[in-house]
Amino acid sequence: MKHAMDSYILRAATRLLVGLMLVFAAYLLFRGHNAPGGGFSAALVAGTGFALFAITEGPAAVRRALRIDPRSWIAWGLMLALGSGLVAAATGRPYLTGLWWMPDWLDGATAVGTPLLFDGGVFLVVLGTILTLVLKLEED
């Protein structure tokens with residue numbers, strides 16, 4: 001099926017750019033609890049990539065690639081962000097206090113903590129919202 005933006009050059013560039021944008025979004029997400037970045041900025045970059053994909057390939061192709069309705073990402077993201085604060089509360093610390101672990105499989109290279117869980121929740125909420133809006137606008 002042909003889409004409104006049927007340019008071979010744009011489609012080829014989009015295939016390259018979307019992959020790079022998603023890798024960069026993952027980088028921003030995982031460095032956000034130690035440096036600038038995090039769930040919000042990562043979701044903006046990923047949302048831009050998916051919006052570009054929707055413009056060139058159409059919203060149906062994006063929905064097939066996602067496989068999960070973006071509105072459910074919002075719900076899961078809220079649960080993850082709120083749940084990350086409960087971990088500290090369960091240990092008697094104030095809600096949303098950061099807790100850190102050094103997993104053996106990372107050989108001490110980095111610590112994993114509740115701020116990463118919170119950033120993951122923010123990422124899912126923001127990306128789910130962006131995708132819901134972009135796909136609805138593109139479908140209309």
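Q: Which helices do the buried residues of α2 pack against?
A: In this predicted model, the buried residues of α2 pack against α1 (8-31), α3 (59-66) and α5 (114-139). Helices here are DSSP runs of H or I with at least four residues, numbered from the N terminus. Residues are numbered from 1 along each chain as its sequence is written. Local features need pLDDT of at least 70, side-chain atom pairs count only at pLDDT 80 or more, totals for chains, interfaces and linings use all residues, and side-chain values use heavy atoms, with hydrogens and water left out.

Q: What follows α2?
A: Gly-58 follows α2, and its phi is positive, near 100°.

Q: Why is Thr-114 called buried?
A: Buried means under 20% relative accessible area, exposed over 50%, and partly exposed in between, with a 1.4 Å probe and protein chains only. Thr-114, which lies in helix α5, has 4% relative accessibility and therefore counts as buried. Contact means heavy atoms within 4.5 Å; leaving out residues up to four places away in sequence, Thr-114 touches Ser-84, Val-87, Thr-97, Gly-98, Leu-99 and Trp-101.

Q: Why is Thr-132 called partly exposed?
A: The relative accessible area of Thr-132 is 26%, so this residue is partly exposed. Thr-132 is also in helix α5. Its C-alpha atom is separated by 5.9 Å from that of Pro-70, 62 residues apart along the chain.

Q: What makes a set of residues a nonpolar core?
A: Such a core is a set of buried Ala, Val, Leu, Ile, Met, Phe, Trp, Tyr and Cys residues joined through side-chain atoms within 4.5 Å. The largest one has 18 residues, and those with the most contacts inside it include Ala-42, Phe-50 and Phe-123. Helices α1, α2, α3 and α5 each supply at least two residues of this core, and α2 gives the most, with six residues.

Q: Why are α4 and α5 called roughly antiparallel?
A: Angles run from 0 to 180 degrees between N-to-C directions, with axes fitted to C-alpha atoms over the stretch in contact. Angles under 35 degrees count as roughly parallel, over 145 as roughly antiparallel, 65 to 115 as roughly perpendicular and the rest as oblique. The axes of α4 (residues 70-90) and α5 cross at roughly 160° and come within 7 Å; the two helices are therefore roughly antiparallel.
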